[in-house]
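Have the picture open and follow along.

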Amino acid sequence: MDDKLNVTYITLDGHVEVGKYRYLYFLVMLTVYILIICCSFTIVGLIWRHNNLHEPMYIFIAALLLNSVVFSTAMYPKLLIDFLSEKQMISYSACLFQFFLYYSLSGSEFLLLAAMSYDRYVSICKPLQYPTIMTKTTVSIFLALAWLVPACQTAVPVVLSAHMKLCNLSLKGIFCNNSIYSLHCVTSKAISIFGVIALLNIGLFPLLFILFTYTRIFVICYRSCRNVRKKAAQTCLPHLLVLISFSCLCAYDIIIVRLGSDFPKIVRLIMTLQAVLYHPLFNPIIYGLKMKEISKHLKRLFCQTNAILCIKSDIRVIVTLVMLIYRHLFCNKSEM
C-alpha cells in the first residue's frame, strides 16, 4: 500500500517468465490487438455502409463486434504495459474497474447472442410476422438491455468488494477476474449471492434460451424443405460456433476460481489468455467468412483494394517511363 496516496496495489502473479519473453509476449499481443480492431471495424464499416446489411441480424453482429473491441481495449493496453514493466502491478480500484468491464461485457455478449438467436427464430419459424416483430424499436430495446442489464448486475459485487478488507495483495492471474475474491480477508455472503444471481441472469438463463430457440429452429427445419434447412445452416452455424467457444471460456473462468491452486501456472496462463487472445479475434473471422452477405462485400472490398494498388503500380511505371524518356531526350539535346 502507498501511504502517501492511500492507494492499495495488487501484484499480478500469473505471468510466466515475463522477464525472458517480454518482447515476444508484447509483439504477439500487440499484433492480435491490432488484428481484432482492424477486422472488427472492417465488418462494422461494411454493415454501416451497405443498405442491404441494415437488418436486425447484421446490426446485432455489429454490436457484438463493437462489444469485443471494447472488451479487448479493457484488457490489452494493461497487458502490453505489464509485459514491458519490471513489476506487474495494478491499483485495487483499477482492478475492480477491469473486473467490472470484463464481466459486464462478457454478460453483454451472452445477451447479444440471445437476441441474435431470437432474431433467427422469428426469421425462420415465423417469417410472415418477422417485419412486425423485429422492428427498429425492438432491436433498440434489445441492444439497450444487452448492455445495461449486465452493467447493473456486475456493479453490485464491485461496489461491495470496494469496501472489503484485503489480507492478500497477490493475485493469481494476469488481469482481474473472479480471483479477486481470494484477496478478501473473509468471504462475503452478499457478494456470493449477488454473484450467483448475476451468473443466472446474464449467463445461464440466456444460454438456456439460446439452446431452446436453436432446438426449435432445427426441429422446424428438419420438417421443412431443403432450402429452409440450407438457410438455417448458413445463418445459425456462425452463431453456434461463437456460442460454443464463448461458453467454454466462461465455464473455465468460473471453474478456475475453485480449482485454481491445482492448475500449473503455465496452464493457467494459457487458458486465461484464450479469453482475451482467441475469442475476440474469432468473432470477426467467423462472421466474415461464414455470413454470406458479409463475405460477399468483403471480397468486393479486397478486389477494389487490389485494383487500386494495381492502378497505383501502373501509374508509377508510367511516370518512371516518362521520366526516362524525358531524361533521354534532354540528354541528347544537350549533347547536340
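## Strands side by side

Strand E1, residues 9–12, pairs with E3 in the parallel sense over two bridges. Helices (H or I, at least four residues) and strands (E, at least two) are DSSP runs, numbered from the N terminus, and two strands pair if DSSP finds at least two bridges between them. Look for threonine 11: serine 170 in E3 is what it stands opposite.

Zoom out a bit, and you'll see three strands making an open sheet with mixed pairing, in the order E2-E1-E3. Strand E2 (89–91) and strand E3 (170–171) are at the edges with a single partner strand each, so one side of each has no neighbour in the sheet.

## Where the numbers come from

This is a predicted model: local features need pLDDT of at least 70, side-chain atom pairs count only at pLDDT 80 or more, and totals for chains, interfaces and linings use all residues. Residues are numbered from 1 along each chain as its sequence is written, while side-chain values use heavy atoms, with hydrogens and water left out.

## A helix across the sheet

Now find helix H3, residues 92–125: it lies across E1, E2 and E3 and runs at about 90 degrees to E2. Angles run from 0 to 180 degrees between N-to-C directions, with axes fitted as lines to C-alpha atoms, for helices over the stretch in contact.

## The whole chain

In total, the chain has 10 helices and three strands. Starting at the N terminus, its elements go β-α-α-β-α-α-α-β-α-α-α-α-α.

Of the 336 residues in the chain, 43% are buried (under 20% relative accessible area, 1.4 Å probe, protein chains only).

Terms used. Contact means heavy atoms within 4.5 Å. Buried means under 20% relative accessible area, exposed over 50%, partly exposed in between (1.4 Å probe, protein chains only).
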